[in-house]
Amino acid sequence: MTGDSTTQGRTGVVAVANQKGGVGKTTTAINLAAALAAVRKRVLVIDLDPQGNASTGLGIARADRNAGSYDVLAGRAAIADVARGTEIPGLRIVPATADLSGAEIELAAAHRRAWRLRDALEGGGEGAAAADYIFIDCPPALGLLTLNALAAAGRVLVPLQCEFLALEGLSQLVRTVERVRANYNPQLQIQGIVLTMYDRRNRLSALVADDVRGFFRDKVYDTVIPRNVRVSEAPSHGKPVLLYDHRCPGARAYMRLAGEILRREQGEAA
């Protein structure tokens with residue numbers, strides 16, 4: 001099965017994905033989005049994880065989520081209709097509502113079930129077309145929600161915790177990307193791998209980082225995201241860490257990561 005030939009993956013649409021939970025996926029999605037918005041990029045985050053942590057971390061309380069990504073997938077709303085502003089100018093989010101938890105079952109029999117998000121992005125009007133970057137926060141599992149994200153994206157950004165068996169989980173994701181590329185989205189590429197929760201005092205972190213760099217080479221970003229309590233605290237205050245404590249090591253790391261991504265893209269375009 002393949003998508004129709006008129007639909008092209010967009011390099012500015014980035015699925016933030018890892019089939020393993022607890023690796024800093026949502027943290028990376030919201031803080032990288034905030035860092036890019038801070039340098040005057042227009043950024044849209046789509047919360048496609050039923051847990052809704054990206055929405056919480058960008059200040060959208062659960063009680064205030066009347067419509068969101070579920071309505072987009074169901075064809076009930078355009079992206080422009082449900083995108084919400086945040087405290088950071090230029091950064092908007094399509095929140096996750098409680099209905100999203102049942103979307104896997106409802107999408108199973110839907111027409112173009114794997115391309116619902118891509119169709120919505122292409123018909124999303126100003127809400128999608130005006131964004132320089134669209135980050136899709138995926139659930140930590142391969143189901144129809146993640147498949148929709150991968151079918152819509154041009155690139156995949158992989159947060160990888162520096163822990164034992166990290167490479168095994170990463171190899172599973174690489175195989176998933178290859179299957180999606182073969183069957184749903186030929187343009188899909190792995191943009192890069194971000195090493196998260198890096199502890200310089202822990203020898204295992206250095207060993208994992210060396211292993212990942214040895215295997216994936218320049219796909220791994222030079223910037224590493226350290227373990228930092230301020231990064232962990234920020235979502236409970238409904239803020240990305242750049243607003244919560246812009247001087248902390250985690251905030252500075254995400255700003256460096258944003259700069260590295262922009263430099264790499266400029267190099268690709270040259």
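**Exercise 1. How many salt bridges does a search of the whole structure find?**

Solution. This is a predicted model, in which local features need pLDDT of at least 70, side-chain atom pairs count only at pLDDT 80 or more, and totals for chains, interfaces and linings use all residues. Residues are numbered from 1 along each chain as its sequence is written, and side-chain values use heavy atoms, with hydrogens and water left out.

Step 1. Apply the criterion: a salt bridge is a side-chain nitrogen of Lys or Arg within 4 Å of a carboxyl oxygen of Asp or Glu.

Step 2. Searching the whole structure gives 11 salt bridges.

**Exercise 2. Find the salt-bridge partner of R42 and state which parts the pair ties together.**

Solution. Step 1. The partner of R42 is D132, with the closest N and O atoms 3.1 Å apart.

Step 1. Locate both residues, taking helices (H or I, at least four residues) and strands (E, at least two) as DSSP runs numbered from the N terminus. R42 is in the loop between α1 and β2 (43-47), and D132 is in the loop between α7 (126-129) and β5 (133-137), so the pair ties together parts that are 90 residues apart in sequence.

Step 2. Classify the accessibility: buried means under 20% relative accessible area, exposed over 50%, and partly exposed in between (1.4 Å probe, protein chains only). R42, at 44%, is partly exposed, and D132, at 29%, is partly exposed as well.

**Exercise 3. Describe the salt bridge between R230 and E233.**

Solution. Step 1. The N to O distance between the two side chains is 3.0 Å.

Step 1. R230 and E233 are 3 residues apart in helix α11 (residues 229-233), so about one helical turn separates them.

Step 2. R230 has a relative accessible area of 29% and is partly exposed; E233, at 26%, is partly exposed too.

**Exercise 4. Is D71 buried or exposed, and which side chain of opposite charge is nearest?**

Solution. Step 1. D71 belongs to helix α3 (residues 69-73).

Step 1. D71 is buried and has no salt bridge.

Step 2. For charge, Lys and Arg count as positive and Asp and Glu as negative, while His and the chain ends are not counted. The nearest side chain of opposite charge is that of R76, 4.7 Å away.

Step 3. With contact meaning heavy atoms within 4.5 Å, D71 touches R76 and A77, leaving aside residues up to four places away in sequence.

**Exercise 5. Compare the reach of helix α1 with its expected span, and state how many of its residues are buried.**

Solution. Step 1. The expected span is 1.5 Å times one less than the number of residues.

Step 1. Helix α1 (residues 25-38) has 14 residues and reaches 20 Å from first to last C-alpha, close to the 20 Å expected.

Step 2. Of these 14 residues, 12 are buried, and α1 is mostly covered. Among the buried ones are K25, I30 and L36.

**Exercise 6. Describe R112 and M197 by phi and by location.**

Solution. Step 1. Most residues other than glycine have a negative phi.

Step 1. R112 has a positive phi of about 50 degrees and is in the loop between α5 (103-107) and α6 (116-122). R112 also forms a salt bridge with D119, at 2.8 Å from N to O.

Step 2. M197 has a positive phi near 55 degrees and is in strand β7 (residues 189-198). At 22% relative accessibility, M197 is partly exposed.
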